[in-house]
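Okay, thanks for coming, everyone. Let me put the structure up, and then I'll talk you through a few places in it.

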Amino acid sequence: MAERVWSEDKILQEDLERIAASEAIDWETLRGRRILVTGATGLIGSLAARALVCASAERSLGLQVAALVRSPEKGKAMLGAFLEDGLELVVGDILSPIAVDGPVDYILHGASVTTSKDFVDHPVETILTTLKGTEHLLDLARQKQVKSMVYFSSMEIYGVPDPANYTELPFSEESAAQTAAVLRETDYGYIDPLQVRSSYSEGKRMAEGLCAAYAHEYQVPVKMVRLAQTFGAGIPKNENRVFAQFARSIMEGKDIVLHTDGSKAHCYCYTTDAVLGILTVLLRGADGEAYNISNEETYSTICGMAQMLIEKYPQSGSRLVFDIPEDANRYGYAPTSRMLICSEKARALGWKAQVALPEMFERLMGSMEVSG
């Protein structure tokens with residue numbers, strides 16, 4: 001669709017074009033509007049901001065995208081190529097009240113602490129960033145009388161699922177993943193609030209409650225998306241989550257080292273699918289409600305995902321190695337569980353995940369080769 005080169009990363013270029021070309025989004029609704037994106041230097045927020053600029057240019061929408069960043073230097077380094085095409089940088093910290101000049105029609109709120117080790121090392125900051133930041137964005141949404149707002153939540157709000165939710169999975173080829181808790185938006189599990197690792201999941205739960213409260217009391221048109229673990233082109237070079245570790249090991253011909261038994265299982269989502277899901281909920285979702293954004297067909301244990309990569313890329317020579325520390329809690333790993341996050345509610349709005357797990361890694365590694 002696009003003739004313009006938006007990124008030297010061919011994979012990222014294709015992803016931007018795919019979002020801009022999607023006919024599942026009612027782009028005309030956004031014509032001439034202004035969208036504020038927080039977390040705009042993060043993986044999902046940055047893709048959303050850039051894709052909106054790309055779609056505006058390709059479709060002549062006259063859309064303005066305001067990216068809220070703490071560091072203008074980091075913002076320019078990541079988003080600078082889009083500044084002449086309708087993207088503006090708004091410098092601010094979500095821990096303080098947000099001041100944005102002019103109208104704001106839509107808000108995508110993705111700013112959050114995202115590193116598991118930080119949940120353990122900095123639990124206070126994790127909680128306050130989630131709660132105070134969301135409060136300030138909701139206040140801004142109320143003040144600006146936005147048409148819609150989406151808060152980026154997480155599958156971690158489900159905690160450890162109730163055993164009653166576990167069921168057999170007829171499609172699973174992996175013996176360790178033949179049962180899972182199939183979780184819809186009303187199926188909540190157990191979270192121990194006294195575990196510091198819970199700073200993230202409990203914070204997300206409370207932020208969702210705050211969104212629902214603002215929707216009820218002040219009629220703020222806010223929706224929530226509960227994202228499965230999401231990855232794709234354009235990840236930061238220092239990304240250290242498990243998918244990045246696995247990809248680097250395959251690319252460098254090193255062993256994949258697991259620091260747990262690898263039995264935890266859940267779903268994933270490719271970045272373009274996630275952004276299209278977020279935009280779908282933004283424009284079609286019901287106020288005060290939550291929507292799972294997940295690709296059920298990617299359901300796998302951590303161990304099974306590693307083995308899939310080793311078999312798919314035998315030339316790497318990578319093997320699966322276990323090195324489980326005595327005190328694994330200090331790494332911030334989530335509790336072991338098997339969760340299949342069901343996205344039928346989002347699919348009812350017209351969204352559907354497209355990218356399978358092997359292709360997710362293929363595209364991830366293709367992008368990583370460019371970024372180094």
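Let's start with Leu68, which counts as buried because its relative accessibility is 6%, buried being under 20% relative accessible area, exposed over 50%, and partly exposed in between, with a 1.4 Å probe and protein chains only. Before I go on: this is a predicted model, so local features need pLDDT of at least 70, side-chain atom pairs count only at pLDDT 80 or more, and totals for chains, interfaces and linings use all residues. Residues are numbered from 1 along each chain as its sequence is written, and side-chain values use heavy atoms, with hydrogens and water left out.

Back to Leu68: this residue lies in strand β2. Helices and strands here are DSSP runs (H or I, at least four residues, for helices; E, at least two, for strands), numbered from the N terminus. Which residues does Leu68 touch, not counting residues up to four places away in sequence? You get Leu36, Val37, Thr38, Gly39 and Ala40, and then Val90, Val91, Gly92, Ile94 and Ile98. A contact is heavy atoms within 4.5 Å.

Next, the cores. By nonpolar core I mean a set of buried Ala, Val, Leu, Ile, Met, Phe, Trp, Tyr and Cys residues joined through side-chain atoms within 4.5 Å. The largest one has 76 residues, and those with the most contacts inside it are Trp27, Leu52, Leu108, Phe246, Leu279 and Phe361. Its largest share, ten residues, comes from α2. Apart from that core lies another of 25 residues, including Ile98, Cys211, Ala215 and Met224. Leu52 touches Trp27, Leu108 and Leu279, and also Leu30, Ile35, Leu63 and Val65, again not counting residues up to four places away. As background, nonpolar side chains tend to be buried together in soluble globular proteins.

Now α6. Its 21 residues should span 30 Å at 1.5 Å a residue, and the end C-alpha atoms are 29 Å apart, which agrees; the expected span is 1.5 Å times one less than the number of residues. The buried residues of α6 include Ser198, Tyr200, Gly203, Lys204, Glu208 and Tyr214. Its buried residues pack against α4, α5, β5, β8 and β12. One of the α6 residues is Ser201, which counts as buried at 6% relative accessibility. Ser201 touches Glu156, Ile157 and Ile191, leaving out residues up to four places away in sequence.

Just after α6, Gln219 takes a positive phi of about 60 degrees. Gln219 is in the loop between α6 and β8, and with a relative accessible area of 56% it is exposed. Ser60 is another one to look at: its phi is positive, about 50 degrees, although it is not a glycine. Ser60 is in the loop between α2 and β2, and is exposed at a relative accessible area of 54%.

On to α8, residues 271–284. With 14 residues at 1.5 Å each, this helix should span 20 Å, and its end C-alpha atoms are 20 Å apart, which agrees. How many of the residues of α8 are buried? Twelve of the 14, so α8 is mostly covered. Among them are Thr271, Asp273, Gly277 and Leu279.

Over in strand β11 there's Cys267, which is buried, with a relative accessible area of 0%. Leaving aside neighbours within four places in sequence, Cys267 is in contact with residues including Met155, Gln229, Glu296, Tyr299 and Leu340. Cys267 and Glu84 are 37 Å apart, C-alpha to C-alpha, and 183 residues apart in sequence.

Last stop, a pocket. The method uses a 1 Å grid over the protein atoms alone; a pocket is an open set of points where a 1.4 Å probe fits, with protein on both sides within 12 Å along at least five of seven lines, and lining residues have an atom within 4 Å of a point. The second largest pocket has a volume of about 520 Å³, a volume being the space filled by probe spheres set on the points, which are joined across faces, edges and corners. Of its 22 lining residues, Leu12, Arg50, Ala77, Met78 and Gly234 are the closest to the centre. The largest share of the lining, five residues, comes from α3.

That's my tour; over to you.
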